Amino acid sequence: MDRSDAQGLEDQILKDAPRLSLASRFRFACHPGISCFNACCGDVNIVLTPYDVLRLRRRLGLGSQDFLATHTLLPFAKTQTLPIPLLKMREDAKKSCPFVGPEGCTVYEDRPWPCRVYPVGVASSHTVSRPGEEFYFILDEPQCHGHKEEREWSVGDWFRDQCVEQYHEFGDLMKEVTLHPRLTSGKPLEPKQIELYFMATYELDRFRRFVFESRFLDCYEVARDYADKLRSDDEELLRFGFTWLRFALFGEHTMQVKPEVLEAKRAELAARQ
Ligand code: SF4
Ligand code: SF4
């Protein structure tokens, strides 16, 4: 499915699919004995969130940039406001996922969010992604026989079973950036700002070097204990990245610049006048 097909499918779902809540129920089970086992792990577009990349590259023992170079594609269409990596499939006849094996998913505990929530979809149009406006839908694809199984779930129970809580926490933090009014009102970021976005979300090793090996900590108020935590805690560094991006890209008051830095800036501006 190419990207325009995917957009068409999303538009169709937003228009036609029954809108489910967390309490809505559906039948589904997926297990190694099912006739379609592994059939869904090839020739698919799997969009990776920053938290997906964090979990997968840690699982594989790779640095963030090595993971991105080895396992992702980065198509960037003119209509996109921000880059979104896709998981790169193998170049075999089935275009298999690099992580599928005879026993199933070899990165199961760290599988990306789309694999985790399938067959539930979350409506992601800009018009319905504000808190409280999301809805869910079922992707009932003919090749997936899981829908014929007896097991019944509510959408909320399915999410709990698939351990998506932390994925959703990071999804909400991401929306504060990607659905910021500046972007949804059609004002694109400059190339340099897009690079900062990608560094602070997907290239966490590079972001850590930026925080600790530049003048970053001389410029911003960051408590010493918290800075120590950022040295080794990937999840906290990603949270911090989103906080800093809201300041750096949109001028929100999410970071505090040190008074002496502000004073020096004021003096520099005054000297220029
Ligand atoms: S990451 Fe795992 S579940 Fe997702 S497509 Fe690959 S093998 Fe399948
Ligand atoms: S096609 Fe559906 S039931 Fe079959 S392995 Fe994939 S998710 Fe499970």
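**Entry 1: what lies over helix H2**

I began with helix H2 in this predicted model, and I looked up what covers its buried residues; the cover includes helix H3 (64–71), helix H4 (113–117), helix H6 (165–178), helix H8 (191–201), helix H9 (204–213) and helix H12 (234–250). I then asked how many of the residues of H2 are buried. I found that eight of the 11 residues in H2, which runs over residues 50–60, are buried, so the helix is largely enclosed by the rest of the structure. I wrote down the buried ones as Pro-50, Tyr-51, Asp-52, Val-53, Leu-54, Arg-55, Leu-56 and Arg-57. After H2 I came to Gly-61, and I noted that its phi is positive, near 70°.

**Entry 2: the two domains**

I looked up the domain assignment of the protein chain, and it gives domain 1 as 3–163 and domain 2 as 189–265. The centres of domain 1 and domain 2, taken over C-alpha atoms, are 30 Å apart. Where the domains touch, I found 13 residues of domain 1 in contact with 12 residues of domain 2. Which elements give two or more residues to the side of domain 1 that touches domain 2? I found that they are H2 and H3, and that H2 gives the largest share, five residues. Sorting this side of domain 1 by class, I noted eight nonpolar, four polar and one charged residues.

**Entry 3: around ligand 2**

I listed the residues that surround ligand 2, and among them are Cys-30, Cys-36, Cys-40 and Cys-144, together with Phe-37, Tyr-118 and His-145. By class, I noted that the shell around ligand 2 has eight nonpolar and four polar residues, with no charged residues.

**Entry 4: Glu-134**

I found Glu-134 in the loop between strand E6 (120–122) and strand E7 (136–138). Is Glu-134 buried or partly exposed? Because a residue needs 20 or more other C-beta atoms within 10 Å to be buried, and Glu-134 has 17, I recorded Glu-134 as partly exposed. I also noted that the C-alpha atoms of Glu-134 and Ala-123 are separated by 6.1 Å, although these residues are 11 residues apart along the chain.

**Entry 5: the protein chain as a whole**

I ended with the protein chain, which has 13 helices and eight strands, and whose C-alpha trace spans about 75 × 40 × 35 Å along its principal axes. Of its 273 residues, 18% count as buried. When I took the contacts between residues at least 6 apart in sequence, I found that 72% of them join residues at least 24 apart.

Key. Residues are numbered from 1 along each chain as its sequence is written. Chains are lettered from A and ligands numbered from 1 in the order in which they are written. This is a predicted model: local features need pLDDT of at least 70, side-chain atom pairs count only at pLDDT 80 or more; totals for chains, interfaces and linings use all residues. A residue is near a molecule or strand if its C-beta atom, placed from the backbone, lies within 6 Å of it. Ala, Val, Leu, Ile, Met, Phe, Trp, Tyr, Cys and Pro count as nonpolar, Asp, Glu, Lys and Arg as charged, and the others, Gly among them, as polar. A residue is buried if 20 or more other C-beta atoms lie within 10 Å of its own, exposed if 12 or fewer, and partly exposed in between; C-beta atoms are placed from the backbone. Helices (H or I, at least four residues) and strands (E, at least two) are DSSP runs, numbered from the N terminus. Two residues are in contact if their C-beta atoms, placed from the backbone, lie within 7 Å. Domain bounds come from an automatic or database domain assignment.
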